[in-house]
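Please examine the sequence and the structure shown below.

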Amino acid sequence: MATILEDISRTFNEFLLLSGNTTKEHIPANVSLRAPLQRFERGKEDEALCLNTPFVSAAMQAVSGQDLAIALARKGGCAFVYCSQSIESQVEMVRKVKVHKAGFVTSDSNLAPEAALQDAIDLRKRTGHSTIAITDGGGAHTKLLGILTSKDFWEFKDDLSRPVSEFFTPLERLVYAQEGVSLQEATELLWENKKECLPIVDKDGNLSSLVFRRDYFDHKSNPDELTDDRKRLLVGAALNTFDYKERAKALIAEGVDCLCFDSSDGYSDWQKEAIQYLRKEYGNDIIIGGGNVIAADGFQFLVEEAGVDFVKIGIGGGSICITREQKGIGRGQASAVLDVAAARDKYYEEKGIYIPLCSDGGLNNDTHIIMALAMGADFVMMGKYFAMTEESPTPKLTYKGRLYKPYWGEGSSRARNWQRYKEGADQKMVFEEGVDAYVPYSGPLGGKRDTTIAKIKATMCNVGALNMKEFHENAVLTRVSEMTLIEGGTTHVEQLDRIQTEGT
């Protein structure tokens with residue numbers, strides 16, 4: 001007969017944290033939310049790549065486009081660009097994130113001097129950039145001849161068929177710097193000369209990058225910005241287990257920082273073989289995540305047999321996922337995280353190797369995020385949370401006076417992502433494991449993320465923790481009853497908005 005576990009499959013709603021000793025040093029300003037993204041040996045924690053904010057975005061069409069990836073990296077997290085698209089388009093999304101070098105930006109708005117003013121206007125409309133580098137042949141890294149801005153011509157008065165060479169500011173009249181200049185030095189030049197843009201050229205006069213005044217202020221307002229060793233924003237990408245050889249090769253060539261297999265169930269030979277291939281081909285130079293799993297044996301499989309850097313936890317807990325309904329497979333997210341975290345801690349104790357955990361799914365509010373981290377997750381992967389933001393790739397829609405954004409699962413027909421679930425030779429989706437829905441628009445990512453971070457830090461102070469390691473060790477959880485949930489709500493008062501509504 002089937003094996004039946006004694007423990008009940010539990011969710012985050014069924015737990016509360018007990019407060020610990022909050023000392024004078026336990027203030028939000030002292031709390032660090034840095035979280036490892038790759039495995040490391042005991043004593044070598046500093047060598048692991050870390051997130052500055054414990055958030056990653058789900059590899060979904062309605063979530064992780066380049067705009068969200070850029071915004072999330074600026075806030076200390078990392079997006080995983082979805083793989084349910086062509087290799088070329090996924091690589092292009094990664095490229096657009098990587099060109100957003102912190103302070104030093106590779107120009108993607110360039111024209112040759114013989115181009116017409118109309119070409120400049122078309123380019124501005126296409127990219128949104130008002131500063132255009134005029135270079136030899138219009139290349140991004142060819143000889144810099146000058147700069148054209150919207151202040152150099154009048155769109156509705158000048159002859160738009162005339163060449164930009166008659167309008168741009170030539171190099172000899174520009175303030176520019178040589179390659180090798182520090183960001184601080186470049187910023188000082190901008191300030192001293194009251195300029196908006198500083199071109200950086202190499203020893204041969206070829207355009208290297210641009211430094212903008214606005215980026216200085218943007219960087220100052222995003223102190224958690226996550227970048228690689230070349231000051232480019234960090235970005236991840238998802239893989240499937242079918243074209244992973246070609247896809248991984250192209251993504252790595254473009255500079256992707258980490259890869260993660262996107263699967264509803266990672267406890268499979270397909271994922272093991274794919275990870276082993278990538279390890280043999282690229283060694284430990286690339287970070288690889290695997291999953292999803294919901295129990296200790298799945299963790300051990302991905303770590304010991306496949307060799308992943310981090311493990312994703314969760315099956316069927318996503319807001320648009322119906323795997324549990326369709327296949328009867330899954331586990332309450334709290335039970336899954338607790339079980340896998342116990343296996344991770346045992347592995348670390350015995351092997352001296354720490355494997356970061358990612359809780360994916362079952363996160364319906366900020367409290368659930370806090371619970372996932374307290375139970376042992378190093379970071380969380382979210383879909384709906386980011387799909388609601390301005391930066392997600394879907395358009396805003398109005399319904400009954402409220403703004404919404406479309407949101408659909410990778411297992412839905414709309415995603416047409418048969419590769420995420422296919423295990424046989426018949427290349428089609430027989431049934432869905434995700435739905436097509438709408439979520440309320442929540443505005444720009446920055447404000448939403450700041451509120452969530454404030455709650456996490458406040459909770460950690462209440463528990464008596466200043467970092468994730470202490471949070472895992474110091475957190476004490478208690479299960480709650482139905483009456484506890486009622487007691488914790490607003491059950492014995494009339495809320496102001498209700499009184500105001502009834503009084504009108």
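The text turns to the pockets, then to the cavities, and finally to one pair of helices. The model is a predicted one.

The largest pocket has a volume of about 870 Å³. Its lining is formed by 36 residues, and R74, H100, V105, H129 and R214 are the closest to the centre. Several elements each supply at least two residues of this lining: the helices α1 (66–74), α2 (87–98), α3 (117–127), α4 (183–193) and α5 (213–220), together with the strand β13 (207–212). Helix α5 gives the most, with six residues.

Strand β2 (35–36) and the helices α10 (333–351) and α14 (468–474) each contribute at least two residues to the lining of the second largest pocket. This lining divides into twelve nonpolar, four polar and eight charged residues.

**Cavities**

The count of cavities of 30 Å³ or more comes to two. The second largest cavity has a volume of about 40 Å³. Its lining consists of A120, R124, H129, S130, I132, L148, T149, S150 and F153. At least two of the lining residues come from α3, and at least two from β9 (144–149). In this lining, four residues are nonpolar, four are polar and one is charged.

| Space | Volume | Residue classes in the lining |
|---|---|---|
| Second largest cavity | about 40 Å³ | four nonpolar, four polar, one charged |

**A pair of helices**

How are helices α6 and α7 set against each other? Helix α6 (residues 244–254) packs against helix α7 (residues 269–282) at an angle of about 40 degrees, and their axes lie 11 Å apart. The two helices are therefore oblique to each other. The crossing in which α6 passes α7 is right-handed. On the side of α6, the contact is made by Y244, K245, A248, K249 and I252, while α7 contributes E273, A274, Y277, L278 and Y282. The residues of this contact comprise seven nonpolar, no polar and three charged.

Definitions and conventions. Residues numbered from 1 in each chain as written. Predicted model: local features only at pLDDT ≥ 70, side-chain atom pairs only at ≥ 80, totals over all residues. Heavy atoms only, no water. 1 Å grid on protein atoms, 1.4 Å probe; cavity = no way out; pocket = protein on both sides within 12 Å on 5 of 7 lines; lining within 4 Å. Points joined across faces, edges and corners; volume = space filled by probe spheres on them. Helix = DSSP H or I, 4+ residues; strand = E, 2+ residues; numbered from the N terminus. Nonpolar A, V, L, I, M, F, W, Y, C, P; charged D, E, K, R; others polar. Axes fitted to C-alpha atoms, helices over the stretch in contact; angles between N-to-C directions. Parallel < 35°, antiparallel > 145°, perpendicular 65-115°, else oblique. Left-handed = near helix turned anticlockwise from the far one by under 90°. Contact = heavy atoms within 4.5 Å.
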